[in-house]
There are 4 protein chains.
Amino acid sequence: MTDTRVLTPASESSKACIPEHFRKVRGTTVSLASPLSAEDAQVQSMPDASPTKWHLAHTTWFFEQFVLDKFQPGRQSSHPAFGFLFNSYYKTVGAHQERPHRGLMTRPSLAEVHAYRERVDHDVTDLLERSDSTELQRIEPLVTTGLHHEQQHQELLLTDAKHLLSLNPMRPAYRETGSGSPRSTTASSAHDAQDLPQSWPHSWIDYPGGTHTIGREPDEFAYDHEGPAHERVLRPYRLASSLVTCGDYLRFIEDDGYGRPDLWLSMGWDFRNEHGWEAPLYWFRDDDAWFVYTLDGPRPVDPREPVSHVSYFEADAFARWAGARLPLEDEWEAAARTALDPGGTATHDERDERDEHRLGRFGNANLLETGVLHPRPLELASIDADAPPHQLFGDTWEWTASPYVAYPGYEPPPGPIGEYNGKFMCNQFVLRGGSCATSATHIRASYRNFFPPEVRWQFTGIRLAR
Amino acid sequence: MTDTRVLTPASESSKACIPEHFRKVRGTTVSLASPLSAEDAQVQSMPDASPTKWHLAHTTWFFEQFVLDKFQPGRQSSHPAFGFLFNSYYKTVGAHQERPHRGLMTRPSLAEVHAYRERVDHDVTDLLERSDSTELQRIEPLVTTGLHHEQQHQELLLTDAKHLLSLNPMRPAYRETGSGSPRSTTASSAHDAQDLPQSWPHSWIDYPGGTHTIGREPDEFAYDHEGPAHERVLRPYRLASSLVTCGDYLRFIEDDGYGRPDLWLSMGWDFRNEHGWEAPLYWFRDDDAWFVYTLDGPRPVDPREPVSHVSYFEADAFARWAGARLPLEDEWEAAARTALDPGGTATHDERDERDEHRLGRFGNANLLETGVLHPRPLELASIDADAPPHQLFGDTWEWTASPYVAYPGYEPPPGPIGEYNGKFMCNQFVLRGGSCATSATHIRASYRNFFPPEVRWQFTGIRLAR
Amino acid sequence: MTDTRVLTPASESSKACIPEHFRKVRGTTVSLASPLSAEDAQVQSMPDASPTKWHLAHTTWFFEQFVLDKFQPGRQSSHPAFGFLFNSYYKTVGAHQERPHRGLMTRPSLAEVHAYRERVDHDVTDLLERSDSTELQRIEPLVTTGLHHEQQHQELLLTDAKHLLSLNPMRPAYRETGSGSPRSTTASSAHDAQDLPQSWPHSWIDYPGGTHTIGREPDEFAYDHEGPAHERVLRPYRLASSLVTCGDYLRFIEDDGYGRPDLWLSMGWDFRNEHGWEAPLYWFRDDDAWFVYTLDGPRPVDPREPVSHVSYFEADAFARWAGARLPLEDEWEAAARTALDPGGTATHDERDERDEHRLGRFGNANLLETGVLHPRPLELASIDADAPPHQLFGDTWEWTASPYVAYPGYEPPPGPIGEYNGKFMCNQFVLRGGSCATSATHIRASYRNFFPPEVRWQFTGIRLAR
Amino acid sequence: MTDTRVLTPASESSKACIPEHFRKVRGTTVSLASPLSAEDAQVQSMPDASPTKWHLAHTTWFFEQFVLDKFQPGRQSSHPAFGFLFNSYYKTVGAHQERPHRGLMTRPSLAEVHAYRERVDHDVTDLLERSDSTELQRIEPLVTTGLHHEQQHQELLLTDAKHLLSLNPMRPAYRETGSGSPRSTTASSAHDAQDLPQSWPHSWIDYPGGTHTIGREPDEFAYDHEGPAHERVLRPYRLASSLVTCGDYLRFIEDDGYGRPDLWLSMGWDFRNEHGWEAPLYWFRDDDAWFVYTLDGPRPVDPREPVSHVSYFEADAFARWAGARLPLEDEWEAAARTALDPGGTATHDERDERDEHRLGRFGNANLLETGVLHPRPLELASIDADAPPHQLFGDTWEWTASPYVAYPGYEPPPGPIGEYNGKFMCNQFVLRGGSCATSATHIRASYRNFFPPEVRWQFTGIRLAR
């Protein structure tokens, strides 16, 4: 997902909780950046990624540009170059640093960017606290958008840092170990993988199809492209009860899945050949075993955990190999709504109540809040507590077979924030459900993430459909 | 469209007419190639295009590989290298020449390729005539597919030759003039264009939406991706009564349409900047007037004729500029079905009768058979004869807003011919309706063409929707 | 060599022989092109190469531009676009077609280019025959330059056509066989090569060094960069008595010569890795034997014949592997002068007499006139007839260790012909001695050819020095 | 210059002064890096450049690899990955990080690299102090080489940091101002420049030519490629008495020097067009005035100071425009020897005495020790104190017309250090005389620097010859 989209105003936050939520989300970003040194925070490992420092600054610029400059017109902006340096792609608010060169900006320093954050945080908090309820009604939607924007960048911060550190021959961990990451202790050799039962944790769940409402909830925050809500007629379909595991994927590899053009999209086959793909990103062989680089450093591939860091091309080829297909985004969303509200009868207030701490909505899903920062084997979660399908939220984003297009009747909102929401609707595929790097207060059933089909550095995995 | 797809067996041809149709279609290819010299037929002007000689040989190889090798097992093949040279991308039938190097193959000569065609034509005709009806039932579907495949290559032959000749500083015509091409005689300066009434030939046609059957007719030939036929629920929509004209497009250019990022998809804007697009492909300025290169050589842009050779990116930007959008492929198909059979009551036999000469089905549409080989101003056709929407078939392919994906329940057919039908379902958009280079015996309401959004060398134009 | 350089006026030709020489040289070009079809003559296989048709046209344009336009001002030029199409790089006489796109010009046809040649030939011949001796004195130098220019293009025509045909999977021969090409009949397997005596045909010839005059002869035609003649002090040196053979080179290959970075220039090593070089251009393995593509088609590598189609990088690495080095161009020239005139006493007239048929000067050297068009094993020539060093002229150009720079006091001549002589003096190395595709009336001891160090499609070989 | 070359053992240092010199040179590197933050020290701005942190580590690795590992075999090396990370290109001592990815190594941190330096410095000093004179005789040459190697990297550290900081839109200075950099205070508009006298500070100095000894002094440290010393016969020549100034260069620009292909080498012209060069690197226009980015930040171009950051292509084009040429490296060296020792009679001891503080040898030349870090206008130095030619040493490296080739009889020394000295002798040109970033204890009359002709990020300038 490139990086931001517009909210439609929502009423979920009160004057009391907005400043608190602001502080909490802003603090999470700083906390996620804290294991990274000034050097780590400086470097851009590829054009698709951004430096940690840039994420820290850009999310701050967003509040300065769209909140403070608007509601505190007399306030003196930070360094005049920051608008240029930390704008991502909002062309109507001015020129910006070319994306692939973000890593060249060694000044301002990381410390200066933290000072910039603190100043803006202070001013936004001050603004929120000093505003009356009329003003708040105008400010809050922008702040809420800014916080959702920030949460997207939290995920990118982690995936970008992971990509950078993975390129270091020393394969350093992102953080000190012992921080909650479960580690398997034995290598999964190719041989072991083959010994696994053919379809170990999977079963299929039948959905009857029919007419479903797809898209945003009327009273919740959502990005513009999640609306308008609309009816879709679905044919009966089945979804796998859990994500494709590394063990499943090893069988695909061992069955020459990367060597058979009949399994691949034409463009995927060319891509695979050009880049020499033979396994998911971050997998590497040592002796006869497969290892995987994680945010806690390298370790043997665990056949029980969901496979991650695969492209759409690989997800699609795997599905074809497995005699299945990828789900449509509508199918996924209908299933997710059912899972969250089995009877379909919860009112908004009931949902609110259940979601008081929000995490409740997703059970024990492996989202950012678990701190694991890596997909988790299914049995580590208490399967019994939840009816399948498992892992709908968290662990990995799930590639769908749906190209990213506008919903019927979609209109991008006016003005700079909304100016560019639809402009990425080309050559991308929709992903659903969030990952282990997505916040529970950010994801929802109607959430549409999107990436080009060749992208692998996000936590992207596979759920099969039929 | 890359180049071929599989038929589902159809019964439309009898033993009598198949050989005749075979001779006719094969002869058309030779006829279209005839204005081109051995030099013209040799060169590949870009990786997307192929040399005329290669088209002549590849379509022939198709019959040798999929018909003769199968039904005349003892027959001696042509030169053993031909399978390598003239296979396009059928990986299961062996390795092939890399696409961008097709133009390097100066041997066999054009004359040898014509001899190859004649030998294969003779053998196929012989096979068809010698076969009994049981055999014919197995042969005919492959021959029919081969002929539709050949018709696709006829269109590519023309557009590839046009691209090649356009790069010659002498801007030579593809054929001797006087061959039926209408020419306007005065330049359309920017000033003239602005004098045109704001929306000169356009009006909107309302469609009520509702449930429509989309996809192949049960008894007609169709490619696999046109099926399965299925129901779609459409919201009410409007289609423009005619194609966007060069006059319309000039207003877009003069309104700085190529300079405003807010009108463009992000990827389109990058593409436009990288390639310096400022007008459709084949347009060029001389003094203060716009000219266009056509298969009959250069001439002033005629503001009344449909604009052509625009990418999806340009079509999409134009639509946004015009306050409209591009139609969905379902919307287009529903409208086309209505236009062809207003009451929706025609039986298959009735359609057959009406279509005896096939062109009848499309009225006086500007398809390949008119010989114009360029989009035609609307008033040159007898508008009165036809109710709108005009120009649904012929003139230019119409970009739709629909990414090219599988219909629900689509399964690619087994075997080499069908092996690769779905493998292009990625990063392409659907086009509908055929162009002035498409044969009337090839196009149909359910026909799905597809190209990447940046492609411009086909006869691709714009119909607006709302 | 890029393609042309300026003459300094010379008096070697009389009114009688200039038209005859003109007809002969111009006829040779047509004759060399004659085995090639219109298709063959059309295609440009890489940016460095040009189509045969372009060579035919460009050499003709040279006479039209620099002779006819100057001395027949009223004459009507050929098609006005020809100046653009067939100018190579003379920026002062106007814009020109970009080099990599020469192959896209399918019009004018090959037949039209031949007609263009005939018209210009007629007019030049006419001009030469009608001019009085005063006029001739002004015309002749330009015609002589034009003919030397044409002879350079004859060599390029052959090497460019060879490159093109080599890319065809059918590996067609340039000409019908039986035309004088010696063919070895047995494959030289790696094993055979190792059985050869360690340094089979080689011995070293000692040169005492001392002061030598380097550069052009006072009364002979030469390009500007062959002057001014000047003194050079050479240290004692040795030259190999013959060219490095394919057998020698096979030992280098088998000793992992392509796998040892210590043998290579840094830039050469990078180039070798990027392009996957493992043998000279045109060599390929089949089973366990090495084959080579020649203008007469593929055949086994003959270990006795000089290795050809190696880059400077390979020549330099081979020399290092062999414990030797490449000669300096001064060393080569001093040796060549001694070989041509052992006593150093021949007067110009004596040389003229000896050179009456010119070939005499070079003994039985394997130059263009032998028609072999491939390097020839040493023993096939009558070694006894010649004292060593053998093969100084013909067979292959010999890479020297001398970067291509100006001689002391060099000044490029004024005007368009001379404008660009020095502009290639950067990142190129000098080659000496001519090849099997160089005319005997073109080569001389002072002749300096030059190419970038990575180039391989010329007949370029190796002579060792110490 | 890529980065290191081998010494021939020299006896100039005693046991007493080697450790002191070691500490001093090593300390200079740290001092030069000290204004740069951890962020600044991390980033690689282009493949040709390296991060400051890498320079700090690589120069340290050099001592660990070639001194400590050899003379303290039992010593425990630093982190095993450092050999991989900080080897530049010594292929015989193992694999290494690919050059363009040096900036991706965020770990070890800058602080860890400084600790690495301190440990190695301690160990080398300890080794030097504990060794007896026999051992010292073996150690010293390697240490001396390591220090010269380090001094080359000091210059690269500065030029690489300058390149990086110049890309920041805020154009930050490398160091706090006030550190000795002279600044002109008024902009030099194009108009001002034209008002300068035509050839303001220049005059020509005649050299008679004749036989000169070129190459290393017998008893001084020198890199291998400075030998063997040999005789060269020079024709009479003239050198400009001072470097080409920015004022001179402005006249070249205003005379359309960047727009006239006749002034440029063919390859230079293509390069200029591809990269859009219109002025030296680091020049930029603001309103009507030219500014230049320096290590002290941006300021107006001073027409009196030597032009710098020009490529060989620009230097060559400027010389052609000025009716002059670039000097040969032999001409430069003969002039420099005469300047340093006018009578040619100084003994080695006399030179030693005069050079006690070494700077004495070069008068008040603007080398690294002045701390200016930018070329200096001629009159700021006390011209009177020195006879011309001025600025032979320091200010800017001077492009010569000599391709970088081996001297006659050159043999690269055996072993890893010397393995690669000659491997860069291809497509590079020699520069002479050092720059404002070169240490006085590093430069000498025989010193040969070399870079490809398109390179501009070094302090490279122009001295004319005739």
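Predicted model: local features only at pLDDT ≥ 70, side-chain atom pairs only at ≥ 80, totals over all residues.
D160(A) belongs to helix α5 of chain A, which spans residues 133-166. Although D160(A) is buried, it takes part in no salt bridge, the nearest side chain of opposite charge being that of R99(A), 5.7 Å away. Residues up to four places away in sequence being left out, D160(A) touches S45(A), A49(A), S50(A), H55(A) and W457(A).

Salt bridges over all chains number 108. One of these joins R456(C) to E314(C), with the closest N and O atoms 2.7 Å apart; because R456(C) lies in the loop between β11 (449-451) and β12 (460-461) of chain C, whereas E314(C) lies in helix α9 (residues 312-321), the pair ties together parts that are 142 residues apart in sequence. R456(C) is buried, at a relative accessible area of 11%, and E314(C) is likewise buried, at 0%.

R320(D) and D316(D) meet at 3.0 Å, N to O, and, being four residues apart in helix α9 (residues 312-321), are separated by about one helical turn. Of this pair, R320(D) is partly exposed at 35% relative accessibility, while D316(D) is buried at 10%. A salt bridge of 2.9 Å, N to O, is formed by the side chains of R337(D) and E333(D), which are four residues apart in helix α10 (residues 329-340) and thus separated by about one helical turn; E333(D) is buried, with 0% relative accessibility. In chain A, a network of salt bridges links E217(A), E329(A), E333(A), R337(A), R432(A) and R448(A).

Between chain B and chain C, about 2200 Å² is buried, 65% of it on carbon and sulfur atoms. E39(B), R107(B) and M170(B) supply 32% of the area that chain B buries against chain C, more than any other three residues. The contact takes 33 residues from each of chain B and chain C, and two salt bridges are counted between these chains, one of them between D40(C) and R107(B), whose closest N and O atoms are 2.8 Å apart. Polar contacts between chain B and chain C involve 10 residue pairs. On the side of chain B that touches chain C, the elements giving two or more residues are α3 (80-86), α4 (110-130) and α5 (133-166), of which α3(B) gives the most, with three residues. The residues of that side divide into 20 nonpolar, nine polar and four charged.

Conventions. Residues numbered from 1 in each chain as written. Chains lettered and ligands numbered in written order. Heavy atoms only, no water. Buried < 20%, exposed > 50% of the residue type's maximum accessible area, 1.4 Å probe, protein only. Lys, Arg positive; Asp, Glu negative; His and termini not counted. Salt bridge = Lys/Arg side-chain N within 4 Å of Asp/Glu carboxyl O. Contact = heavy atoms within 4.5 Å. Buried area = accessible area lost by both parts, 1.4 Å probe. Polar contact = N/O pair within 3.5 Å; in protein donor to acceptor, adjacent residues only side chain to side chain. Nonpolar A, V, L, I, M, F, W, Y, C, P; charged D, E, K, R; others polar.
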